[in-house]
Amino acid sequence: MLWLLLPRLLIMSDCQRRRIARYAIISRIVILFAMSISCKLLPNFHPGDDVLQFDMRLVPQHPDERDPICYCLQGHSCDTEWLSRRRIGTSISCADNKDKSSTSTRYVWLDRSYAFILPPVTKWDGARFLSLSVDPWARYPHIIPTKDDIDQTKTTDQTCMSNEEATTTCTDIYNGEHNNESQFASSEQAHAFFPLLPLSIRYTANLMIKVIPPSILPPTYEATAALSAIIINMLAFVFASISLYDLTIFILKRQALENDSNKPTTTQNTPKQPSNTILDEETHHVHIAKTAAQLFCINPAGVFFTAAYSESIFAMLTFAGHAIAAKGQYCQSYLDKRKGGDMIIRDLKSRSYVISCLWWTNLYWIPSTILWMLASYTRSNGTFSSIWWILIGISKCCSCIKLNKGKDITANIEKIASLLLFYGTLATFVALPVLYHDLQGYNNHCSETSNLPTWCKKQDGRFSLYAHVQRKHWNVGLFRYYELKQIPNFILALPLLILSFTAAGLWIKYSWNRHVKGRTSHRVQDVFRWAFLALSASSTDYQKQKELESNNNMLLGPKFLSFYAILFGFAIVGTFLAHVQISTRLICSSCPAFYWFVANMTFNDNQSDDKRKRERLRLLIYFYFALYNILGAIMHVNWLPWT
């Protein structure tokens, strides 16, 4: 009986998920140790005076050391009175909390391990995220101190002792000579880093303080935050890997299910599809999904998924949202086919599975939208998921027009309007966290009655604080990065950009050949016709396909339109708008289509004529991935330009 295959497929799938989880954990541990060894053995370069550095205050612990390290500083989120201790300048005074490190026995070997493992994750943007996590006031402008503040700080702050040198330093900090630019520079730059990762690090570190013995924790709160970032990113990376695997499985199963709908109908004289064929197809899907997930685990931006960056948690939220949506769309295709009376489907699936599919089909958009909203609160490029919803809505409208051609126009207009309204609303919800973050930044800076930044007067509905900060402090904008000194960064990003544009171009080529090639001679009309047919074919509602997808181009099928469109969009942003060197981590954390395309390139098909060519290409891809991981582990942790 065919239903006996179902438990075997589920067991195989669960086993593959466990293998992918192990593979993801091992890859993070290897990269973390490579970063630590590089940071320990190679000299640190000076990144520049304008680059923020995160001081964990890790001092080697010795048995004869009498003065313990202060665990928590005043104004940090570990301070129980941080709400009333908005710090002025740079304070290193201990909080009044009962210091855990002073009342517990420290393990020298453990502290040395922390001093070995933690520093590599605090470099470049990692310093920003960690500073925002430990200092809840970092997003607010510096306070210009009054004379009473200066006198009080000089008597309490350890940096303002009565010696001549310290007094000079304190006078420089607290003499009220802050200009408007310096007062707002730090808080403006903090606005470029979205809150979800710093908040996650902060709350995880505070939880660790409550549940883990002080002797096991790092000796300072800053170091505990760095350890929290490693744990969060490692767990998020594992879930991201599994989500990419699930996404690939469901989208391939959906495409295979719809391809199977177009095969000749089974009759009494036609033999049913052998069970081995079904199992081989499932095995093929699992192999492709496993390859894509493994490529993600060794992607060329691996160092950023290990350091205190937001790439891991962003990839987890983005891929998980897509995986849930893919399962919902697969269930919809399955239910549509079940209505057609396919006996194989009836035998394979139980009644409980049908009930589950009904839930996923009708409600998958809720968890997907929530996860993508969280992704938008993690990184600004999370708003690209709103484009995914818009493309889904437009594709359903095109499918509706094609399927109901010649029928009641009024009914079509009403359905199209409802579809556009529904998916437009979902897209708006996905983008809301970015707008909320901008509003919070505006309120943090412009709520004072005096000494406001100049841009507070520009709040006219079109002003974006995030765009202003990126343009002002990082020179982000169209063609702004096109300078001779940036040629090395363009070279570093070139391999991934070439792969991304090639992937999008190849999908367009397959789609064009599938829908338009050889049918008309009017090129302008062909473009619009192709766009309409491609969008229709990508919809869940429209399943009719002229040609079935072979194993070689299975990952370039019509259902992948929105993914390759987003990949193309990110490649455009990385090439022309953003700092080009971030293209690698930008695309690797956002675009499943990149891994599908590379998996398709490296997949060995014994029936293909160019097997030797594919083998060379596979080795070249793996060499590129390995080389960039090695370079990242060397350059990033030693303050070299690998950001």
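Tyr364, Trp365, Trp372, Trp388, Trp389, Phe422, Tyr423, Trp507, Phe560, Phe563, Tyr564 and Trp596 come together in one aromatic cluster. The rings that count here are those of Phe, Tyr and Trp (for Trp its six-membered ring), and two of them pair if their centres lie within 6.5 Å, with planes under 30 degrees apart called stacked, over 60 called edge-to-face and the rest called tilted. The model is a predicted one, in which local features need pLDDT of at least 70 and side-chain atom pairs count only at pLDDT 80 or more, while totals for chains, interfaces and linings use all residues. Residues are numbered from 1 along each chain as its sequence is written, and side-chain values use heavy atoms, with hydrogens and water left out.

For the protein as a whole, the secondary structure consists of 23 helices and 0 strands, where helices (H or I, at least four residues) and strands (E, at least two) are DSSP runs numbered from the N terminus. Of its 643 residues, 53% count as buried, a word that stands for under 20% relative accessible area, whereas exposed stands for over 50% and partly exposed for what lies in between (1.4 Å probe, protein chains only). The accessible surface comes to about 30900 Å², and 61% of this belongs to carbon and sulfur atoms; such areas come from the Shrake-Rupley method with a 1.4 Å probe, and for residues only the protein chains shown count as cover. Among contacts (heavy atoms within 4.5 Å) between residues at least 6 apart in sequence, 80% join residues at least 24 apart.

Part of that surface is a nonpolar patch made of Ile25, Ile29, Phe33, Ile37, Leu41, Leu42, Ile630 and Ile634, which together have about 690 Å² of accessible area. The elements that give two or more residues to this patch are α1 (5-41) and α23 (611-635), and α1 gives the most, with 5 residues. A patch is built from residues with over 30% relative accessible area and no salt bridge, like charges being joined within 9 Å and nonpolar side chains (Val, Leu, Ile, Met, Phe, Trp, Tyr) within 5 Å; a salt bridge is a side-chain nitrogen of Lys or Arg within 4 Å of a carboxyl oxygen of Asp or Glu. Isoleucine 37 lies in helix α1, and because its relative accessibility is 42%, isoleucine 37 counts as partly exposed.

The cysteines come next. A disulfide is a pair of cysteine sulfur atoms within 2.5 Å, and by this rule the count comes to 3 disulfides. One of them joins cysteine 70 to cysteine 94, with 1.8 Å from S to S; this pair links distant parts of the chain, for cysteine 70 and cysteine 94 both lie in the loop between α1 and α2 (100-103) and are 24 residues apart. Cysteine 70 counts as buried because its relative accessibility is 13%, while cysteine 94, at 29%, counts as partly exposed.

Cysteine 72 and cysteine 78 also form a disulfide, with their sulfur atoms 2.0 Å apart, and the torsion about their S-S bond is about 100°, so this disulfide is right-handed. Cysteine 72 is buried, with a relative accessible area of 7%, and cysteine 78 counts as buried at 13% relative accessibility.

Between cysteine 446 and cysteine 456 there is a disulfide whose sulfur atoms are 1.7 Å apart, and with -90° about the S-S bond the link is left-handed. Cysteine 446 lies in helix α16 (residues 409-446) and cysteine 456 in the loop between α16 and α17 (465-474), so the pair ties together parts that are 10 residues apart in sequence. Both cysteine 446 and cysteine 456 are buried. Cysteine 397 is buried as well, at 7% relative accessibility, but the closest cysteine sulfur, in cysteine 398, is 6.9 Å from its own, too far for a bond.

To return to the aromatic rings, a search of the whole structure finds 43 aromatic pairs. Tyrosine 442 and tryptophan 455 form a tilted one, 6.4 Å centre to centre with 50° between the planes, and this pair links helix α16, which holds tyrosine 442, to the loop between α16 and α17, which holds tryptophan 455, 13 residues apart. Tyrosine 442 counts as partly exposed at 22% relative accessibility, whereas tryptophan 455 is buried, with a relative accessible area of 1%. Tyrosine 482 and phenylalanine 490 form an edge-to-face pair, 5.1 Å centre to centre with 65° between the planes; tyrosine 482 is partly exposed, with a relative accessible area of 39%, and phenylalanine 490 is partly exposed, with 22%.
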